[in-house]
Amino acid sequence: MNGLEDADLQYFLSSYGLILSSFPEKGRGLVSTRDFSPGDIIISQDPYVCAPSTSCCDGCFSRGKLKMCTSCQMTQYCGSTCQKSQWKLHRLECQALIGLSEDRKKMLTPTVRLMARLLLKKKLQDDNTIPTTSDDNYDVLLALVSHMADIDENKLVLYAQMANLVKLVLPLMEINIKEVIENFSKMACNAHTICDSELMPLGTGIYPVISIINHSCLPNCVLVFEGRKAVLRAVKHITRGTEVSITYIETALTTTERKKLLKEQYFFDCTCHCCNTPHTVFLKGALEDNQDIILNGYRCKAKPCHGVLHHDSANNIYRCKVCGSTREKHSIDQINSKIKLLSERASRCVSSKDYLEAKDLYKIVEHLQLKIYNPLSICLMKTQEDIMKILIALNDWEGALIYCRLTIPIYQRVYPAIHPLVGLQYYTCGKLEWLLRQAGEALQSYTKAIDILRITHGTTTPFMRELLLKIEEANADARLLQRKTALLQ
Ligand SMILES: [Zn+2]
Ligand SMILES: [Zn+2]
Ligand SMILES: [Zn+2]
Ligand SMILES: [Zn+2]
């Protein structure tokens with residue numbers, strides 16, 4: 001990016017209380033030039049281009065009643081307003097799609113479609129059919145890192161194949177294969193998954209300004225989506241001069257796993273506070289054992305000891321730090337391989353919607369995991385989460401509520417206090433309690449949900465308005481129940 005465009009971007013950012021800065025270790029990033037409080041929207045941005053990956057409106061990413069584009073039969077809209085809003089770009093895309101054979105159409109993955117849209121948007125901005133602004137232009141995208149030097153041969157071959165496919169989709173356009181390959185590489189580490197309010201993925205978008213924000217495993221901001229718009233909210237007090245950060249990955253992992261994932265997918269060594277001090281952490285005011293050992297370590301077998309086991313590599317055994325008792329490595333390995341086999345079978349059952357069989361298998365997995373893992377371990381949380389979802393699919397609210405309640409203490413340990421997933425888990429808990437006519441409990445869970453979600457999601461979206469209504473309903477019901485009980489006494 002040249003100096004002038006950088007100046008344009010700086011001017012744009014300054015209106016949001018942000019400044020583009022350079023960091024010796026990690027390159028560019030955004031720093032606040034004023035204070036932000038939890039819940040404040042720092043910046044919101046529409047994507048440069050985006051593409052749905054599931055059945056939703058191409059304009060607003062809503063689901064519900066949709067109509068196919070009659071010409072290409074490949075994009076869907078909730079109504080004419082959304083169709084019109086996308087027409088300039090889709091007109092060109094539609095022409096290209098009509099010309100494709102059915103076989104080719106099947107090869108169009110969301111990523112390939114996103115790239116085709118990217119090239120079409122650039123063309124439309126070059127001809128001034130779509131206006132260019134300081135945050136909505138191809139140059140902002142050009143400035144993003146591509147990590148071309150870091151990607152392996154197999155990936156390069158794949159990107160080249162995808163680039164050729166893009167060329168086939170857009171035969172009338174002059175396409176620079178090398179540039180498209182580089183753009184695929186940029187997409188891999190810069191594109192964002194667009195999710196609905198409950199964090200279910202809907203598609204992918206490129207948000208060049210949001211992409212400048214660096215990662216932290218304990219970030220001070222959260223990125224949520226309102227339709228296709230990315231909204232960055234502060235989750236902590238951010239004082240002037242602080243770098244704003246989001247997390248690029250699901251953080252319910254151990255430090256080693258997080259570092260590995262970030263290195264493989266985003267090509268950097270995380271040096272955030274969490275990664276730099278993994279051995280001892282402050283939890284609930286006390287200096288505790290290594291968080292990672294609690295999250296994926298094995299437990300002491302001796303009752304009632306709750307100690308975690310440390311690997312004694314010299315003797316190839318695990319030893320409890322609290323009571324000194326030991327467990328053989330091979331017995332733990334045996335249980336682990338059983339768990340792996342059963343989990344794979346259970347997940348296949350879920351795919352084929354055989355929920356009853358899946359439930360039974362996951363319950364055996366849970367039983368085995370409880371034998372060797374700490375009750376607060378991540379793998380146990382994931383199994384319990386799977387069981388909860390299966391029970392919801394089976395309309396077993398009572399069973400689902402038990403599992404939902406089991407996961408909450410682990411959520412609280414794995415995620416920071418203000419995290420959308422923690423809020424959403426309380427929300428699920430509240431919905432189940434409400435279905436089971438436990439109005440008082442539902443009210444408590446909804447309130448905990450709203451305390452978190454009002455910061456991460458704001459209060460004005462349809463999803464949040466619905467939650468606020470549910471609280472009112474639960475509140476009225478709980479009061480009614482109180483009055484009834486008072487009368488009976
Ligand atoms: Zn729409
Ligand atoms: Zn069309
Ligand atoms: Zn980190
Ligand atoms: Zn012990």
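Trainee: How far apart do the end C-alpha atoms of residues 16-249 lie, and what are the helix and strand percentages of the span?

Mentor: The end C-alpha atoms are 25 Å apart, and the span is 33% helix and 22% strand. Bear in mind that this is a predicted model. UniProt, in an unreviewed entry, lists residues 16-249 as "domain: SET".

Trainee: Why are α11 and α12 called roughly antiparallel?

Mentor: Start with the angle: helix α11 (residues 329-351) and helix α12 (residues 355-372) pack at about 160°, with axes 9 Å apart. Angles over 145 degrees count as roughly antiparallel, and α11 and α12 are therefore put in that class. The crossing of the two is left-handed.

Trainee: How do you know which residues of α11 and α12 meet?

Mentor: The test is whether C-beta atoms, placed from the backbone, lie within 7 Å. On the α11 side the list includes Ile 332, Ile 335, Leu 342 and Arg 345, and on the α12 side it includes Leu 361, Tyr 362, Val 365 and Leu 368. The residues of this contact divide into 14 nonpolar, two polar and four charged.

Trainee: What makes β4 and β7 edge strands?

Mentor: The open sheet has the order β4-β8-β7, with antiparallel pairing. β4 (49-52) and β7 (192-195) each pair on one side only, and that is what puts them at the edges. Ignoring direction, neighbouring strands here are turned by 30° against each other on average.

Trainee: How do you know that β7 and β8 pair?

Mentor: Pairing calls for at least two bridges found by DSSP. β7 and strand β8 (residues 201-206) have four bridges, in the antiparallel sense, so they pass that cut-off. One example is His 192, whose bridge partner in β8 is Gly 205. Helix α4 (residues 110-126) packs on this sheet, touching β4 and β8, and its direction makes about 150° with that of β4.

Trainee: What about the sheet with β15, β16 and β17: which strands are its edges?

Mentor: That open sheet runs β15-β16-β17, again with antiparallel pairing. β15 (309-312) and β17 (326-328) are the edge strands, each pairing on one side only. The twist averages 30° from one strand to the next.

Trainee: How many bridges join β15 to β16?

Mentor: Four bridges join β15 to strand β16 (residues 317-320), and the two run antiparallel. Asp 312 stands opposite Ile 317 in β16.

Trainee: At what angle does α11 run to β17?

Mentor: At about 60°, with α11 lying across β16 and β17. Roughly perpendicular needs 65 to 115 degrees and roughly parallel needs under 35, so an angle of this kind counts as oblique.

How values were computed. Residues are numbered from 1 along each chain as its sequence is written. Chains are lettered from A and ligands numbered from 1 in the order in which they are written. This is a predicted model: local features need pLDDT of at least 70, side-chain atom pairs count only at pLDDT 80 or more; totals for chains, interfaces and linings use all residues. UniProt positions are given in the numbering used here, feature names are shortened, and annotations may be inferred rather than shown by experiment. Axes are lines fitted to C-alpha atoms, for helices over the stretch in contact, and angles run from 0 to 180 degrees between N-to-C directions. A crossing is left-handed if the near helix is turned anticlockwise from the far one by less than a right angle, and right-handed if clockwise. Two residues are in contact if their C-beta atoms, placed from the backbone, lie within 7 Å. Ala, Val, Leu, Ile, Met, Phe, Trp, Tyr, Cys and Pro count as nonpolar, Asp, Glu, Lys and Arg as charged, and the others, Gly among them, as polar.
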